[in-house]
Amino acid sequence: MHFLLRVSTRMMRLSKKTIGLIILCFILVSATIAFLLEPDTFQTWFNAFYWVMTTMATVGYGDYFAKTVVGKVFTMFLYVFGIGLLSLVIGKVIDSIAEIQRRRGAGTLSFRGKEHVILMNWNKKTQAAVDEILCYSPKCHIVVIDESNRHPLEHMEQVHFISGDPSSDDILSKANIEGAKAAIVFGDARIDEAALIDGKSLLIASSIERIAPHVHTTVEIMQEKNIQNFRHVHVNEFVLSHDAISRLAVRAALQEGNSEVISQLLSRQHGDDIYEVPVDKSWKTYGEAFHALLNQGATLLADRSDLSINRKLNEAIPKEARLYIVADESTYRRIAGK
């Protein structure tokens, strides 16, 4: 018993690759010995190999079995050592799965997917962003980077967590920033001073721009005076955190129902939404585009950030135009040919 305990303890300390090679050699040698002991019983080496596998797995179909005394003794040897080795493999597999889950929860696993969205700094706004992204694209993979040491949404398979400083090259590499579709930097709620929050966000945005300038980056900014700094590092888009909330509150107070319309446009979970549609080659002017889209159940809203195009219906649509409409999802998919 003491000998078996020592052997099993040493085996557990071996690497997975070493254990795999030992078991493979054990199976191949056992199949060869079984065939040499009873060639008439197994007829081919493969049949002996098949018998060893079914014996070690405790299946025992009974189509092959040892008939000589030596063969039966060897069978008992397989029962003791073969099943023990197989149990060791099963234990290692279970340990590996548990280790992967532990590392996933601790945020130490790298992400190797592509076309994912990276969210930086976890807070309630980040959680709302996760819900919104999955509502917009249910199959989209999301990577959350935060300096905490526990996965905030461990029950969600599509949300991967990486623990660490979002401005660190190593952490951004773990999140595969170069393969990402977009990155959103939220203000760190653990910092009290707004200027310091923007300073950290600026550092993160600078790291992204240096490593992966092609990634579309959106940053939440706490102070309007810092906008120029973010423009300097070529942030694609930025959102003034408190400014947006204040404006929505004023609209709700002074124009009843206004905020409800805006809230619907801000979320894909309610009502119609804003979509970008491809420019049809047959549309020469904004007016032609407006009427063509209206006939399909959509309202032309803007060309990029220009919301005044409905007063420019006679003007030609420029080559660099990016048209946005208000419609439901089914109408948008029909127009976009999806």
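Start by selecting C25, which is partly exposed, with a relative accessible area of 46%. Keep in mind that you are looking at a predicted model. Now jump to C140: this cysteine is buried, at a relative accessible area of 6%. If you are wondering about disulfides, a search of the whole structure finds zero.

Next, zoom out and colour by secondary structure. The protein has 13 helices and nine strands. Of its 338 residues, 37% are buried. Among contacts with a separation of 6 or more, 59% join residues 24 or more positions apart.

Time to look inside. In soluble globular proteins, nonpolar side chains tend to be buried together. Here, select I118, M120, I145 and I208, the residues with the most contacts inside the largest nonpolar core, which has 25 residues.

Which residues is I208 in contact with, leaving aside its neighbours within four places in sequence? Select M120, L172, I177, A183, V185, P213 and T217 to see them.

For your last stop, pick Y275, L293, A298 and L323. They are among the 17 residues of another core, which lies apart from the largest one.

Note on methods
Residues are numbered from 1 along each chain as its sequence is written. This is a predicted model: local features need pLDDT of at least 70, side-chain atom pairs count only at pLDDT 80 or more; totals for chains, interfaces and linings use all residues. Side-chain values use heavy atoms; hydrogens and water are left out. Helices (H or I, at least four residues) and strands (E, at least two) are DSSP runs, numbered from the N terminus. Buried means under 20% relative accessible area, exposed over 50%, partly exposed in between (1.4 Å probe, protein chains only). Contact means heavy atoms within 4.5 Å. A disulfide is a pair of cysteine sulfur atoms within 2.5 Å. A nonpolar core is a set of buried Ala, Val, Leu, Ile, Met, Phe, Trp, Tyr and Cys residues joined through side-chain atoms within 4.5 Å.
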